[in-house]
Amino acid sequence: MNRPIAVVTGASAGIGEATARALAAEGFHVVLGARRLDLLEGIAAEVDGTAIELDVTSASSVAAFLDAVPKANVLVNNAGGARGMASVADADEDHWRWMWETNVLGTLRLTKGLLPKLIDSGDGHIVTVTSIAAFEAYDNGAGYTSAKHAQSALHRTLRGELLGQPVRVTEILPGMVETDFSVNRFDGDTTRAAAVYQGVVPLTADDVADVIAFAVTRPSHVNLDRIELKPRAQASASRVHRG
């Protein structure tokens, strides 16, 4: 296989799926990882990629996934998400545990496991999709914002640790993106999820994927450290103009 290989986690829907399609269009062979193998296989067939089942919260699943990926040029850490919107006083520890396992330890497992292969490629790139929640805090969001702050710190630490190595690092920090994120956050409550985007033209998964594809296709000496993107109508996590 002469095409460079891009590994995308959380690739069965939303930003992950859009990123897989965008990178395939840029000439990458995409390895798609997620829990929903049936969805992955359909997308992989459309982009001439490879679908491999992956649960980033499971060390054994990650190990099996890594064994099936012989080499890699790009890693897109996209798997993640939120559960609930409880105050600190009413925090659900299971929700917190899932968010930290998925966003933080999942990113750690994939990054640590693929790093030798990314270095060996001679021109590697680690992209981590965090959120504006990685530098903002808002009421009833401490579980998610704390996990995203930690994920961002993990990723930014790599910038110094990889100096001298042929690997770039880019953090993507989206604001409001209309995917299944809010449906998952609210445990399938589509009415509550729809209210998040009411009166706003949010970003789409394709908008974020376009930015990721741009970052990884710059010349190898160009490192785009952090890219923050939000809808025009959103100034911050808590300030949104609804028309």
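The following exercises, with worked solutions, concern a predicted model of a protein chain.

**Exercise 1.** Determine whether the radius of gyration of the protein chain agrees with that of a compact globule.

*Solution.* 
1. The protein chain has 243 residues, and a compact globule with that number of residues would have a radius of gyration near 18 Å.
2. The protein chain has 17 Å, which agrees with the value for a globule.
3. For the extent of the chain, consider the C-alpha trace, which spans about 50 × 35 × 35 Å along its principal axes.

**Exercise 2.** Describe the secondary structure of the protein chain, its burial and its contacts.

*Solution.* 
1. The chain contains 8 helices and 7 strands.
2. Of its 243 residues, 47% are buried.
3. Consider the contacts between residues at least 6 apart in sequence: 67% of them join residues at least 24 apart.

**Exercise 3.** Locate Glu 171, decide whether Glu 171 is buried or exposed, and identify the polar partner of its side chain.

*Solution.* 
1. Glu 171 belongs to strand S6, which covers residues 167-174.
2. A residue is buried if its relative accessible area is under 20%.
3. Glu 171 has 0% relative accessibility and therefore counts as buried.
4. Leaving aside residues up to four places away in sequence, Glu 171 touches several residues, among them Thr 128, Ser 152, His 155, Leu 224 and Arg 226.
5. With the side chain of Arg 226, the side chain of Glu 171 makes a polar contact at 3.1 Å.

Notes. Residues numbered from 1 in each chain as written. Predicted model: local features only at pLDDT ≥ 70, side-chain atom pairs only at ≥ 80, totals over all residues. Heavy atoms only, no water. Helix = DSSP H or I, 4+ residues; strand = E, 2+ residues; numbered from the N terminus. Rg over C-alpha atoms; globule rule 2.2 N^0.38 Å. Buried < 20%, exposed > 50% of the residue type's maximum accessible area, 1.4 Å probe, protein only. Contact = heavy atoms within 4.5 Å. Polar contact = N/O pair within 3.5 Å; in protein donor to acceptor, adjacent residues only side chain to side chain.
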